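Trainee: May we go through this structure together?
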Amino acid sequence: MGNVSSIYEVVCIFSVYFILQAISGYAGVHRDDPCERLLSDFAPIPAMVSGLGHDWVVLNKGKEHGISSGDLFQIYSAGAPVKASGTGRLIGHLKEKVATVQVIKLKKKSSVCQLISRENAIIVGQPAMRFKDVTAVFTARSAQLESRKFGKELRGRLPNLIWVSTDSIIQPLSRPLSTETLGVNLLFLLGPDGLKVYGPGMSLIHEYNQCTGSSKGKKNADVQPYDLMEMDGPGGRSALSGYEFDFSNMKIVGRLPVPAVQIDVTDVDQDGRTEIVCLLSSALYIHPFRNKGSGAVFGFAGAGWPAGFSVDRSDGWIAVNIILEKVGMRSVLLRYSNGRLYCVQGEINLWLAFVDMDGDGARESLLGQSFNGDTLFGSNVFLLNYGPEGISYRERLDLPAGFSVLRTCWEDLNGNGIEEICTVGQDGRIRIYEMGTLVWSGQQPVAEFSEGKGQVIEFIPGSVLKTGSGVIFLHGRADTAVSGGCDALMGLTWNGRGYSLDPVSPCLGRRICGLAVLQDRFIAGVTAEKADSEGTEETLLYSAEPFKGENAEAKKPVT
C-alpha cells in the first residue's frame, strides 16, 4: 500500500496552515539564535501542486510563506478509504506518498521544484508538506558526549523527519553516494565550525555557524519547539475561562471497600439501563448502577495483572488488557448481553482499546497495539475487525512514536475540521499531533505508570459534557504544590492561538481511576485512604454538575 499516515487524516494538508503560522511565529521570535532558527527552517509548511512539467512541479507557496531555496517537499495523494468497523461509516483515507521534490527557483508566492523521486503519478491539486516524511541522518566529526547529546536533542525537536540510525550508514558518511544509496535526503553534519545541512547530491542548503552543540549558554534541552503554544501569554485567553466545576454540590454516589484499577459508568449494551463496570486485580464486574438487579463477573486465572479496559459504548463489547511483565499480553475480548458476560476470545497478545475515531461518540473502532518489554507499548498498531468469531487484522496504522491505545483521544480541538491526536506517552507527558506532525508537547508529566496500576488515561471531549468544542477533560497529576501530590481533573484547550493544559478541580483523591458522563452529570471514580483504617484504600464514586459559566450551554435538569 505504500507509506501511509494515520487513518484519521484526510489528505487536505493545507487546512492546517494557521497552526503552522503559530510555529513560524515562534521561530520568528528567536531569529537571532541560530539553533532556534533551525527549527523555523525545518518546520512543516503545507502547500499544493499548482503546475507541473516533465521533471518539475510548481507549488503555490513561496518566499512570503517562509519557503527557502533547497527546501524539500513531500507530495501526497489520497489512498484507500478507511471505514468504521461495524457501521461502515467513512472515517477518512490513508495517506500515500507520491513524490519528493526540492525547491530550485523561489518566487514571492510560488516555488518551482525539481523532482527528486517519484512513486506515483503527480497531478495538479495534490497536497504537499515541507520537510515531512523526509529521511535524515545526523553525524558529528567529534564523538564527544556533547555532540551525541546535541544529535539526540535535534532528532527529538524535528520529529517530522524520518531519522535513520547512523549504525546502518556506510562510511565515509560525507560521500554523496553513501547517503543517496540508503535513501537519505538530508545530512546534518556537526563540526567545530557549526552545523551544516546537506540535501540531495550533498548540496549545502543550510548553515548554522554558531550552532555547535556546546553546553555553554542556553541549553537546547530546556526549550521545546512549540513552547509558544503551551500557555495563554499576553493577550491570550483560555477556552476554560468562565467555566467552573460545582464541587460544592458534589455527591458520593457509590463506594467500594477496595481500590479499583479502573471504573466506568455507562449503558454497556445500549438497552436503556446504566451499569457500573469495575476492574479489580482479580476480576471484571458489571452491575446495574444504583438499581436492583443481578451482576456479571469475569474472573482472571493464571499469571499477569489487569492494566485497564475499554467499552465500545454501542453494542456490549469490552476489551480487557492483562499484562505479563517483560513477556507479553493476555488480553481478553468480552461481550455483555442480557446481564451476562461472555468470553469471545482470550490470550490475545496485543494491547486492545475501543476508540472513537470519527467523533460520533461511539467507540466502534477496535485498535490493537504490539507489546514491548521495555516501553510496554510497541510500534505496531492495527485496526482490527471484531465479531462473534473473535478478532482479525484489518489494517496496520502509521501513528506517532510514543502512541498508546489506552491513553489517546481523537478530537478537533482547534476547530479547523481536522481531528488532532492527543496521547499520553509512557513518560506521562501529553503530546498533540495533527496530520502526523507534533504540534504541542506538555512540559510536565501528568501521570506516573507503574506495575500493578492502571495504564489508562480517560479523555472526555467537551461536546459530551455540553461545554462546546475546543476542550478535552482528562484526569492527571497537576503541579504537586497545587494538587498535594494527588490527581485532579484537567482541561486541555485551544484558545484561538495555542494549546494549554490547566487543572480545573481541586485534588480529588490519591488516584482518579475513571471518568464518565451520566446524563448531564460528571462522574469520577477516586481511590482514597479509608477514614477509619489507616494504610488501606477504598474507591469512591463522585457525581457533580459539569459546569457553570459564561461559555456553558444550557442544561436540562437531571431526572
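Trainee: What is the mean pLDDT of the protein?
Mentor: The mean is 75, and 72% of the residues reach 70 or more; pLDDT is the predictor's confidence in each residue, from 0 to 100.

Trainee: Where is confidence lowest, and where highest?
Mentor: Helix α1 (residues 17–29) is lowest, with a mean of 28, and strand β2 (residues 56–59) is highest, at 95. Helices (H or I, at least four residues) and strands (E, at least two) are DSSP runs, numbered from the N terminus. Over residues 214–239, pLDDT stays under 50. Where pLDDT is low, the predicted coordinates should not be read in detail.

Trainee: How many helices and strands are there?
Mentor: The protein has 5 helices and 36 strands.

Trainee: And how much of it is buried?
Mentor: Of the 559 residues, 56% are buried, meaning under 20% relative accessible area with a 1.4 Å probe, protein chains only.

Trainee: Turning to the sheet, in which order do its 4 strands run?
Mentor: The order is β13-β14-β15-β16, in an open sheet with antiparallel pairing; two strands pair if DSSP finds at least two bridges between them.

Trainee: Why is one side of β13 and of β16 left without a neighbour?
Mentor: β13 (262–266) and β16 (296–299) stand at the edges, so each has a single partner strand.

Trainee: What stands opposite Val277?
Mentor: That is Ile286 in β15. Strands β14 (residues 275–279) and β15 (residues 283–288) pair over 5 bridges.

Definitions and conventions
Residues are numbered from 1 along each chain as its sequence is written. This is a predicted model: local features need pLDDT of at least 70, side-chain atom pairs count only at pLDDT 80 or more; totals for chains, interfaces and linings use all residues. Side-chain values use heavy atoms; hydrogens and water are left out. Contact means heavy atoms within 4.5 Å. Buried means under 20% relative accessible area, exposed over 50%, partly exposed in between (1.4 Å probe, protein chains only).
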